[in-house]
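Please prepare a briefing on the fold shown below, with the cut-offs behind each term stated once.

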Amino acid sequence: MDLLNTLVDKGLRRELPTREEALAVLATSDDDLLDVVAAAGKVRRHWFGRRVKLNYLVNLKSGLCPEDCSYCSQRLGSKADILKYTWLKPDEASEAAAAGLAGGAKRVCLVASGRGPTDRDVDRVSETIKTIKEQNEDVEVCACLGLLSAGQAERLRAAGADAYNHNLNTSESTYGDITTTHTYADRVDTVRKAHAAGLSACSGLIAGMGETDEDLVDVVFSLRALDPDSVPVNFLIPFEGTPLAEEWNLTPQRCLRILAMVRFVCPDVEVRIAGGREVHLRTMQPLALHLANSIFLGDYLTSEGQAGKADLDMIADAGFEVEGADRVTLPEHRTAGGGCGSHAEAGCGSHAEGGCGSHAGGGCGSHEGGGVCGTAAEPAAAAAAEPAAAHEPAGAQAPRTDLVSVRRRGAGTDLAPNA
């Protein structure tokens with residue numbers, strides 16, 4: 001397929017596909033799915049080999065959030081029967097993190113519900129970061145605390161945080177349909193604050209909320225322009241008691257196409273399969289490892305994942321290897337002072353240090369038509385002639401509500417965690 005050959009060539013050069021090409025990936029048929037996975041897999045292996053990075057979530061504070069994000073079980077007004085507790089103490093959080101590290105995780109993600117941290121919250125999390133790092137020398141720590149105020153990213157960096165996560169979730173044009181208590185621009189501002197403080201930015205999306213293919217391409221192109229080092233791809237877990245409880249729009253095949261599209265648009269960043277993989281990818285999870293180079297180990301914030309040992313067995317059985325603490329995840333051009341977004345005037349792939357746009361006014365995907373930075377927009381691939389469908393229905397498959405399991409172990413409980 002000419003489209004896939006073009007996308008592989010662009011991915012190996014870190015060149016942005018056109019919007020039409022990205023939409024065409026989402027519109028491919030099930031008959032072509034393995035070809036799509038194989039093509040995106042070439043790009044994944046070029047930049048990341050067969051390594052899989054393991055990440056581990058610690059929910060520092062669960063539930064009781066004043067924001068109204070429709071997808072979230074911790075939202076204002078949620079009737080989901082989840083764990084609710086206030087801040088874990090630093091030693092409790094470190095103990096929870098240790099379970100994931102023992103299972104092979106190299107990054108711990110510290111998450112707290114809420115609009116954003118107070119200065120006292122930043123002090124609390126800073127103490128937790130220091131405690132974890134004192135007990136685990138090589139661990140990476142990512143904080144996810146909501147919207148950041150001025151100076152807070154710098155304080156987290158000084159405490160030892162390596163990264164900050166704040167997802168865009170969906171396209172700017174539809175953001176107001178899922179959240180009204182803050183804006184899409186608020187989220188973009190927080191990602192930029194993390195960048196400016198020297199933190200590795202982590203920002204991704206949630207698929208399966210009833211969005212169109214155009215929405216998915218919009219948010220992924222926006223992420224490319226923001227230039228995060230890691231892009232987590234979440235698949236909506238439709239919790240009972242939330243406004244999106246009936247949104248069962250995903251099939252395993254659609255999830256794979258979404259991951260492939262993200263890989264083609266963001267070829268040299270850490271693409272992470274995040275929440276919902278067990279619910280929506282199900283037995284197709286091993287194929288997804290050919291597209292993403294990172295997963296969460298064990299449980300999530302308020303839902304249970306598959307057993308940690310099953311994750312490790314899946315990685316080994318699929319012919320991949322767990323990335324060790326001694327390996328740098330990102331390609332050298334993203335870690336040696338250059339990389340995407342490091343130079344305002346450089347086009348993607350234009351020279352060894354060049355990259356595309358973390359700057360507010362520019363960057364790949366910011367220009368109408370979606371051409372590569374510094375070039376005119378390319379003509380659409382022939383295979384992209386037909387418009388993409390809004391989203392695939394689940395077909396004859398009944399919603400797999402049996403796979404949505406509320407977390408009852410680990411952080412905030414007296415039971416051992418899953419890692």
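The buried residues of helix α3 are covered by elements that include α1, α2, β1, α10, β8 (270–273) and α12 (285–288), where a contact means heavy atoms within 4.5 Å, and buried means under 20% relative accessible area, exposed over 50% and partly exposed in between, with a 1.4 Å probe and protein chains only. The model is a predicted one, in which local features need pLDDT of at least 70 and side-chain atom pairs count only at pLDDT 80 or more, while totals for chains, interfaces and linings use all residues. Residues are numbered from 1 along each chain as its sequence is written, and side-chain values use heavy atoms, with hydrogens and water left out.

**Overall make-up**

- The secondary structure of the protein comes to 13 helices and ten strands, where helices (H or I, at least four residues) and strands (E, at least two) are DSSP runs numbered from the N terminus.
- Of the 419 residues of the protein, 59% count as buried.
- Among contacts between residues at least 6 apart in sequence, 77% join residues at least 24 apart.

**Helix α3**

- Helix α3 covers residues 33–48, and its 16 residues reach 22 Å from the first C-alpha to the last, close to the 22 Å expected at 1.5 Å a residue; the expected span is 1.5 Å times one less than the number of residues.
- The buried residues of α3 are Leu-33, Val-36, Val-37, Ala-39, Ala-40, Gly-41, Val-43, Arg-44, Trp-47 and Phe-48.
- After α3 comes Gly-49, which has a positive phi, near 60 degrees.

**Strand β1 and its partners**

- Strand β1 (residues 51–61) is largely enclosed by the rest of the structure, because eleven of its eleven residues are buried.
- β1 runs parallel to strand β2 (residues 107–112), to which six bridges join it, and Lys-61 has Ala-112 as its bridge partner in β2; two strands pair if DSSP finds at least two bridges between them.
- Three bridges join β1 to strand β9 (residues 294–296), again in parallel, with Phe-296 of β9 as the bridge partner of Asn-55.
- The pairing of β1 with strand β10 (residues 321–322) is also parallel and has two bridges, and Val-322 in β10 is the bridge partner of Val-52.

**Nonpolar cores**

- The largest nonpolar core has 102 residues, and those with the most contacts inside it are Val-58, Leu-156, Leu-205, Phe-235, Leu-259, Met-261 and Phe-264; such a core is a set of buried Ala, Val, Leu, Ile, Met, Phe, Trp, Tyr and Cys residues joined through side-chain atoms within 4.5 Å.
- Helix α10 (residues 252–265) gives the most to this core, contributing nine residues.
- Apart from this core lies another, of nine residues, among them Cys-109, Cys-142, Cys-144 and Phe-296.
- Not counting residues up to four places away in sequence, Phe-264 touches Leu-4, Leu-7, Val-8, Pro-17, Val-25, Val-36, Ala-39, Ala-40 and Val-43.

- Asp-311 is found in helix α13 (residues 308–317), and Asp-311 is buried, with a relative accessible area of 0%.
- With residues up to four places away in sequence left out, Asp-311 touches Arg-277, Ile-295, Phe-296, Leu-297, Gly-298 and Gln-306; the C-alpha atoms of Asp-311 and Gly-298, 13 residues apart along the chain, are separated by 7.6 Å.
- Glu-15 lies in the loop between α1 (2–12) and α2 and counts as buried, at 14% relative accessibility.

**Cysteines**

- A search of the whole structure finds zero disulfides, a disulfide being a pair of cysteine sulfur atoms within 2.5 Å.
- The sulfur of Cys-65 has its closest cysteine sulfur in Cys-72, at 6.3 Å, which is too far for a bond, and Cys-65 counts as buried at 11% relative accessibility.
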